[in-house]
Amino acid sequence: LNLADTEWRVRELRDQFKGKKLLLGVDDMDIFKGISLKILAMEQLLNIHSEWRGKVVLVQIANPARSKGKDVEDVQAETHSAAKRINATFGSPGYEPVVLINGSVPFYERIAFYTIAECVVVTAVRDGMNLTPYEYIVSRQGGAKLDATLGLSPNTPKKSMLVVSEFIGCSPS
């Protein structure tokens, strides 16, 4: 949280998504992580709640698949197709509702995304001990340097939301 790289990336992301509610997903690209379900839920949100169009962004960091095969290729194709369709339907100049980042990002950048995201969504349909919710909670607590970067006073309450599938190992906690 105190790395200079994290601080400048938080500043960049804050400016990039200024005025928008940021939802974040960080998952491996595989059949059990439910990435396409998350993207379809974003589409449903924008269909039902038109007042959120232009105001909410889903950033999905899709880490490389740990395996290869037709099932992984199908998931990748479905995910990219859904993201493209949603952006074509609901996007506008300067607004992309689904930002799909293919490939892992450096640790400091992931922490920067956690720091500015108002909600992290973990939609796995089968998963073991997923650490994403824990990393998000710790990152949202921030620290003095990041509070200053975000223009927050130390006493400002931080609001966060965590949406966790019941099918992951950490859901009971």
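## Reading burial and packing in a predicted model

Author: In this predicted model, Val105 touches Ile61, Asn63 and Arg110, leaving aside residues up to four places away in sequence.

Reader: Where is the place of Val105?

Author: Val105 is in the loop between S3 and H4.

Reader: Does Val105 count as buried or exposed, and why?

Author: Buried means under 20% relative accessible area. Val105 has 14% relative accessibility, so Val105 counts as buried.

Reader: How should the length of helix H2 be read?

Author: The expected span of a helix is 1.5 Å times one less than its number of residues. Helix H2 covers residues 35-48, and its 14 residues should span 20 Å; the end C-alpha atoms are 20 Å apart, which agrees.

Reader: Which residues of H2 are buried?

Author: They are Ile35, Ser36, Lys38, Ile39, Met42, Glu43 and Leu46. Seen down the axis of H2, these buried residues fall within an arc of 165°, so they line one face of the helix.

Reader: What covers the buried residues of H2?

Author: The cover includes the strands S1 (21-28), S2 (56-63), S3 (98-102) and S4 (119-122), together with helix H3 (70-90).

Reader: How many residues has the largest nonpolar core, and which have the most contacts inside it?

Author: The largest nonpolar core has 42 residues, and those with the most contacts inside it are Phe17, Leu22, Leu24, Val59 and Phe113. Two or more residues come from each of helix H1 (4-16), S1, H2, S2, H3, S3, helix H4 (107-116) and S4. S2 gives the most to this core, with 6 residues.

Reader: Which residues does Leu24 touch?

Author: Leaving aside residues up to four places away in sequence, Leu24 touches Leu58, Val59, Ile61, Phe113, Tyr114, Ala117, Cys119, Val120 and Val121.

Reader: Helix H5 remains. What is the case of Thr132?

Author: Thr132 lies in helix H5, residues 132-141. Thr132 counts as buried because its relative accessibility is 8%. With residues up to four places away in sequence left out, Thr132 touches Val26, Tyr114, Val120 and Val122.

How values were computed:
Residues numbered from 1 in each chain as written. Predicted model: local features only at pLDDT ≥ 70, side-chain atom pairs only at ≥ 80, totals over all residues. Heavy atoms only, no water. Helix = DSSP H or I, 4+ residues; strand = E, 2+ residues; numbered from the N terminus. Buried < 20%, exposed > 50% of the residue type's maximum accessible area, 1.4 Å probe, protein only. Arc of directions from axis to C-beta. Contact = heavy atoms within 4.5 Å. Core = buried A, V, L, I, M, F, W, Y, C linked by side-chain atoms within 4.5 Å.
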